[in-house]
Amino acid sequence: MKELLKSSLPFRIGEGYDLHRLSMGRRLILGGVEIEYECGLYGHSDADCLTHAIMNAVIGALGLGDIGLHFPDTDPIYEGISSIELAGKTYRMMDDAGYMIGNIDCTVQAQAPKLAKYKSAMEEKLASVYRCGADQINIKATTGEHIGIIGRGEAIAARAVCLLIKKPDNLNQKGATLV
Ligand SMILES: [Zn+2]
């Protein structure tokens, strides 16, 4: 019954946060895009903290727990996997639940490198995964003001919010009314 009630909501909001530490000898991947830098994020997968934050926002909006529940980092199947591939699985969770992206807004917090020139590519990559327009995804970047683990260049963090909209054809199919 709880699932049924959830699925009748016209809008659902979710938030997500993720942080990974920087490590030498790793590629830096953010939003599915490789960024030129001297080191990359350390983690079980490709450690793409922006994509992970967005996945957590989408899973959260669906009321289905979090990324660790669906893609545990103890599972060898996810070792070194592209986070964009995992994000595709969260797209399918959203689609199966009858929702589509309204918009996603996110912030990457990194002391370095500068991300401005990669933003469009990241927005387009994420839009292709979530099958929405690049104008429905907005990526902002900020630094760590040279303090704390981010400011010292030891880690990169990202947070995201997303709004999901019930797909109109589902509303028609189920004859649901807006709550
Ligand atoms: Zn992560």
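Helices here are DSSP runs of H or I with at least four residues, strands are runs of E with at least two, and both are numbered from the N terminus. The structure is a predicted model, in which local features need pLDDT of at least 70 and side-chain atom pairs count only at pLDDT 80 or more, while totals for chains, interfaces and linings use all residues. Residues are numbered from 1 along each chain as its sequence is written.

H2 spans residues 49-61 and H4 spans residues 83-96; their axes come within 10 Å and cross at roughly 15°. Axes are lines fitted to C-alpha atoms, for helices over the stretch in contact, and angles run from 0 to 180 degrees between N-to-C directions. H2 and H4 are therefore roughly parallel to each other, since angles under 35 degrees count as roughly parallel, over 145 as roughly antiparallel, 65 to 115 as roughly perpendicular and the rest as oblique. On the H2 side the contact is made by Thr 51, His 52, Ile 54, Met 55, Val 58 and Ile 59, and on the H4 side by Ser 83, Ile 84, Leu 86, Ala 87, Thr 90, Met 93 and Met 94. Two residues are taken to be in contact if their C-beta atoms, placed from the backbone, lie within 7 Å. Sorted by class, this contact of H2 with H4 has 9 nonpolar, 4 polar and no charged residues. The nonpolar class holds Ala, Val, Leu, Ile, Met, Phe, Trp, Tyr, Cys and Pro, the charged class Asp, Glu, Lys and Arg, and the polar class the others, Gly among them.

H4 also packs against H5, at an angle of about 40° and with the axes 8 Å apart. That makes H4 oblique to H5. Here Ile 84, Ala 87, Gly 88 and Tyr 91 of H4 meet Lys 125, Val 129 and Tyr 130 of H5. The residues of the contact of H4 with H5 divide into 5 nonpolar, 1 polar and 1 charged.

Turning to the strands, an open sheet of 5 strands has the order S4-S1-S7-S5-S6, with mixed pairing. Two strands pair if DSSP finds at least two bridges between them. S4 (39-41) and S6 (137-142) stand at the edges with a single partner strand each, so one side of each is left without a neighbour in the sheet. Neighbouring strands of this sheet are turned by 20° against each other on average, direction ignored. Strands of a sheet pair through backbone hydrogen bonds, either parallel or antiparallel.

Strand S1 (residues 11-24) runs antiparallel to S4, and 3 bridges join them. Within this pair, Leu 22 stands opposite Leu 41, and Met 24 has Cys 39 as its bridge partner. S1 also pairs with S7 in the antiparallel sense, over 11 bridges, with His 20 opposite Ile 156. S7 (residues 155-166) in turn pairs with S5 in the antiparallel sense over 10 bridges. S5 and S6, by contrast, pair in the parallel sense over 6 bridges. Gln 109 has a bridge partner in S7, namely Ala 157, and another in S6, Thr 142. Thr 107 has its bridge partner in S6 at Lys 140.

S5, H5 and S6 make a right-handed β-α-β unit; right-handed means that, with the strands pointing away from the viewer, the path from the first strand over the helix to the second runs clockwise. H5 (residues 119-130) lies across S5 (99-109) and S6, running at about 140° to S6.

In the loop between S5 and H5 lies Pro 113, and the peptide bond from Ala 112 to Pro 113 is cis, with omega near -5°. Ala 47, in the loop between S4 and H2, has a positive phi of about 60° although it is not a glycine.
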